[in-house]
Amino acid sequence: MSRRRRKTTARSPLPVVPFGRGGTDRFVPWMIAPMVYLATLALITALAVGAMAERWEAGLTGTMTAEIPASQDPADRDRLVEAAIRVLDDWPGGAAAAPRDEGRGVTLLEPRGGPEVPVGERPLPTLIEITLAEDAAVETPALAAALDSAAPGTVLDDHGRWREDLRAMAGTIRLVALVLVFLIGLAAVAAIVSVSRAGFAIHAPVIDLLHVMGATDRYIARQFERHAFRLAARGAAAGL
């Protein structure tokens, strides 16, 4: 009979650590939630800016803009525009070239000029939108020289500077977002480690009793791991 009792007692499970009595546990979800919220915002911002930059770059790829200088004489301006378009139509690799609507430029400039600046009454440069053929390799310096020869003062823009600025902006925002996520992750880990240390200190008598009853360090550590995971997951779900 005594052997059966000893055998039953040996097989009985060890008690668990009473985590609900620790006063620091309830603050863990409140610390993790805003961290996850900020990390999610940083990632969403990085993804959104990256997608926006890709759309802008796709809109600029395969296009150029030629700016004809402003002229007081409409006939002279039309002559320059026609000369530039002839050069663009005959240039290899060019698919289409058409002057942009002047009213559109006036509409864009009016809010910046204010009511006291009559933008529509002043001569404005004429912009020619150039669409390149697919996979066309256009020598920008040679085309710019040809345009300047046919229509003096014409400036050719291949949008390369804008694309570089877009890539730099998107890369910087992605880098900042990743750094923020990394720092927030470190802060979350530090918070959980601090709370776990406080839990060890609060439940020190229980841990000593479990050791006396035969519990191993791994058995006790797993309980703290599961408890910390539940608290962190609760806060992460709320923050997400």
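Asp76 and Arg79 stand three residues apart in helix 3 (residues 74–90), and are therefore separated by about one helical turn. In this predicted model, their side chains meet in a salt bridge, with 2.6 Å from N to O. Side chains of opposite charge can pair when their charged atoms come close. Asp76 counts as partly exposed because its relative accessibility is 24%, and Arg79, with 46%, is likewise classed as partly exposed.

The structure holds three salt bridges. Another of them links Arg77 with Asp78, where the closest N and O atoms are 3.8 Å apart; this distance lies within the 4 Å limit that defines such a contact. Asp78 has a relative accessibility of 39% and so counts as partly exposed.

Helix 6 (residues 160–202) contains both Arg161 and Asp165, which lie four residues apart, about one turn of the helix. The side chains of these residues, Arg161 and Asp165, form a salt bridge at 3.9 Å, N to O. Arg161 reaches 53% relative accessibility and therefore counts as exposed, since the exposed class begins over 50%. Asp165, with a relative accessible area of 40%, is partly exposed.

The strands may be followed from strand 1. Strand 1 (residues 63–68) runs antiparallel to strand 3 (residues 126–132), and six bridges join the two. Within this pairing, Thr65 has Glu129 of strand 3 as its bridge partner. Strand 1 also pairs with strand 4 (residues 155–157), again in the antiparallel sense, over three bridges. Here Ala66 is the residue that stands opposite Leu156 in strand 4.

Key:
Residues are numbered from 1 along each chain as its sequence is written. This is a predicted model: local features need pLDDT of at least 70, side-chain atom pairs count only at pLDDT 80 or more; totals for chains, interfaces and linings use all residues. Side-chain values use heavy atoms; hydrogens and water are left out. Two strands pair if DSSP finds at least two bridges between them. Buried means under 20% relative accessible area, exposed over 50%, partly exposed in between (1.4 Å probe, protein chains only).
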